[in-house]
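I opened this entry to look up charged pairs and then the chain contacts. My notes follow in the order I checked things.

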Amino acid sequence: MIFVIKTIFNFGALVFAFGFITPLTMQIITRAGIDLPFSLTPLMAGLILAAVWGGIAQYRGRWI
Amino acid sequence: MTDTLQNTSEPDLMRREREIARRHIGKFPWLSVTWAFLNLAVWLSLWPLVLTGTLSVWIAFPIATLNVMLCYLPSHEAQHDIIARPGDRLRWLNELVGHVSTIPLVLPYRVARLTHLEHHKHTSDPDLDPDYGTHASGPLDAIWNSIQKRQPGAEGGPNAYAAALQRLGREDVMLEAVLSTLTFFVILFVLAWSGYAIEAALLWWLPRHIGQTYIVYYLSWAPHHPANETGRYRDTRAFHEMRDVLEARDCRLDGI
């Protein structure tokens, strides 16, 4: 149990990115009616943003 | 008055200080208790109103932000047993206010209480004050520092609270903090993947960040700035009503 909790917190930035930033990005794009380039879907855009920003945050230890 | 007090003896200063304190002791803090429950009720009511489309999330967002900013003070009263002391008839109310008022802030009562009492015991001590990490050179630095302390790899902030709880041997309370944080994120993720990400962001996630910044700035940084002295009468800016007593003790009075 403790191991699972520690692992979640150790990868907290990535967990937050895919758990929250992905759906948030999707819904902002959809509600704002933004047309995405390269036939990207809102989900793909959310996943890309989460992977890039979350990955950087995970590596650097900060979002901003 | 001040000139007279400058030559007053220590026991007389202490007596005068107690007289001022006595004027504020023993009254039931109705405002804090009402504030705690009303504030929580307003914040909770925003959820069904927004999720059913009755209220715009853009109207609810500033209200939710205010709710988070205002939720700490009643908890603070409970942490100091101001509503009711142990053994009093209304002790349950003190504990209830403590437990429920900081739900929007995701700050468990026992974590808040233990770390806050440690803060009072060791105010401005770099090694022992759990809030020492909030000290900064100026207002903008205080805001930026508060944001930085909440980053995933930051030292201080929540980690300083964990260190304080470990020092106190209260791993059980640390676990409570961890579980409440996990619960908060699980709720956010479930809402977000259910199609309510914007609502979750504007009713809880962003208001919580703004609220934390406000609380750290006004209730932690400002009262102690520049936080370079320790000890009673030295570590905190204080009450207007105590001004003459404090002046006689050669206290720092800038900003009050």
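Predicted model: local features only at pLDDT ≥ 70, side-chain atom pairs only at ≥ 80, totals over all residues.

**Entry 1: a buried arginine.** I started with Arg113(B), which counts as buried at 15% relative accessibility. Next I looked for the partner of Arg113(B). Its side chain meets that of Asp81(B) in a salt bridge, 2.4 Å from N to O. Asp81(B) also counts as buried, at 14% relative accessibility. The cut-off for buried is under 20%, so Asp81(B) falls within it.

Then I placed the pair. Arg113(B) sits in helix α7 of chain B, residues 109–121. Asp81(B) sits in the loop between α5 (72–79) and α6 (91–101). The pair therefore ties together parts that are 32 residues apart in sequence.

**Entry 2: other salt bridges.** I looked up the total and found 12 salt bridges over all chains. One of them joins Asp172(B) and Arg170(B), with the closest N and O atoms 3.1 Å apart. Both partners are partly exposed: Asp172(B) has a relative accessible area of 37%, and Arg170(B) has 27%.

**Entry 3: across the chains.** How many salt bridges does the rule find across the interface of chain B and chain A? It finds one. Arg31(A) pairs with Glu199(B), and the closest N and O atoms are 2.9 Å apart. The pair runs from helix α2 of chain A (residues 12–32) to helix α10 of chain B. Arg31(A) counts as partly exposed at 48%.

On chain B, α8 (139–148) and α10 (171–224) each supply at least two residues of the side that touches chain A. α10(B) gives the most, with 17 residues. That side of chain B divides into 18 nonpolar residues, five polar and one charged.

**Entry 4: interface area.** I found 24 residues of chain B in contact with 21 residues of chain A. Together the chains bury about 1,800 Å², 77% of it on carbon and sulfur atoms. Phe189(B), Trp193(B) and Ile198(B) supply 31% of the area that chain B buries against chain A, more than any other three residues.

Entry 5: Buried residues make up 31% of its 64 residues.

Notes:
Residues numbered from 1 in each chain as written. Chains lettered and ligands numbered in written order. Heavy atoms only, no water. Contact = heavy atoms within 4.5 Å. Buried area = accessible area lost by both parts, 1.4 Å probe. Salt bridge = Lys/Arg side-chain N within 4 Å of Asp/Glu carboxyl O. Helix = DSSP H or I, 4+ residues; strand = E, 2+ residues; numbered from the N terminus. Nonpolar A, V, L, I, M, F, W, Y, C, P; charged D, E, K, R; others polar. Buried < 20%, exposed > 50% of the residue type's maximum accessible area, 1.4 Å probe, protein only.
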